[in-house]
Amino acid sequence: MASHDATAVAQLLREFAGRSSLRGGNPYRAKAYARAADSLAALVVPLEQIIEAGRLKEIPGIGDAISDIVTKLHRTGTHPSLEAMRKEIPAGVLEMLAVPGLRPDKVLKLYKTLGITSLADLEQAAREDRIKGAKGLGGALQAKILQSLAIAHSGAGRLHMHRAAF
């Protein structure tokens, strides 16, 4: 199987971070995965060379544990912990983390309490007033979700100036 480049491994690490944040536990662990993903995305030297030279731990944000994860992701494109987390939580639930103001604990509650598994489900539930009826969620969260989704829809198809120039 072909090895994965730094960009692909960084993307998998970001998924690792998102799924870890949804799992609960130590919030700094998810932040550490995201920080390591940012460092990998900024590499100018191929990841394979860094791993072969044994210099992976010299990258900011990568210690012993994350180094092992990065190496396995680079070689195989997956990790046993990532596969276990993928079985626990559907991929669509991760999309909900992109909604501003929607913390991982609320996303998990929306998934477990209301069975919401995607942004489309989230929008539909908010429009049908199902969110405010769920214990621990409420009308303020529902209004915030609708507002955030409306902003996201209004910006669809637009580009930032620095990206539009290319």
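This is a short chat about the predicted model shown above.

Reader: How many helices and strands does the secondary structure come to?
Author: The protein has 10 helices and zero strands. Read along the sequence, the pattern is α-α-α-α-α-α-α-α-α-α. Keep in mind that this is a predicted model.

Reader: What does the C-alpha trace span along its principal axes?
Author: About 55 × 40 × 30 Å.

Reader: And what share of the residues count as buried?
Author: Of the 166 residues, 37% count as buried.

Reader: How much accessible surface is there, and what part belongs to carbon and sulfur atoms?
Author: The accessible surface comes to about 9,900 Å². Carbon and sulfur atoms account for 55% of that.

Reader: Now the contacts. Taking those between residues at least 6 apart in sequence, what percentage join residues at least 24 apart?
Author: That comes to 52%.

Reader: Left-handed or right-handed?
Author: The α1 and α4 crossing is right-handed.

Reader: Which residues meet there?
Author: From α1, Val9, Leu12, Leu13 and Phe16. From α4, Ile69, Val70, Leu73 and His74. Seven residues of this contact are nonpolar, one is polar and none is charged.

Reader: Switch to α8 and α9. How do the axes of that pair cross?
Author: Helix α8 spans residues 119-127 and helix α9 spans residues 139-154. The axes come within 9 Å, crossing at roughly 125°. These two helices are therefore oblique to each other.

Reader: And is that crossing left-handed or right-handed?
Author: α8 passes α9 in a left-handed crossing.

Reader: Which residues make the contact?
Author: On the α8 side, Leu119, Leu122, Glu123, Ala125, Ala126 and Arg127. They meet Gln142, Ile145, Leu146, Leu149 and His153 in α9.

Reader: How do those residues divide into nonpolar, polar and charged?
Author: The contact of α8 with α9 has seven nonpolar, two polar and two charged residues.

Definitions and conventions: Residues are numbered from 1 along each chain as its sequence is written. This is a predicted model: local features need pLDDT of at least 70, side-chain atom pairs count only at pLDDT 80 or more; totals for chains, interfaces and linings use all residues. Side-chain values use heavy atoms; hydrogens and water are left out. Axes are lines fitted to C-alpha atoms, for helices over the stretch in contact, and angles run from 0 to 180 degrees between N-to-C directions. Helices (H or I, at least four residues) and strands (E, at least two) are DSSP runs, numbered from the N terminus. Angles under 35 degrees count as roughly parallel, over 145 as roughly antiparallel, 65 to 115 as roughly perpendicular and the rest as oblique. A crossing is left-handed if the near helix is turned anticlockwise from the far one by less than a right angle, and right-handed if clockwise. Contact means heavy atoms within 4.5 Å. Ala, Val, Leu, Ile, Met, Phe, Trp, Tyr, Cys and Pro count as nonpolar, Asp, Glu, Lys and Arg as charged, and the others, Gly among them, as polar. Buried means under 20% relative accessible area, exposed over 50%, partly exposed in between (1.4 Å probe, protein chains only). Accessible areas come from the Shrake-Rupley method with a 1.4 Å probe; for residues, only the protein chains shown count as cover.
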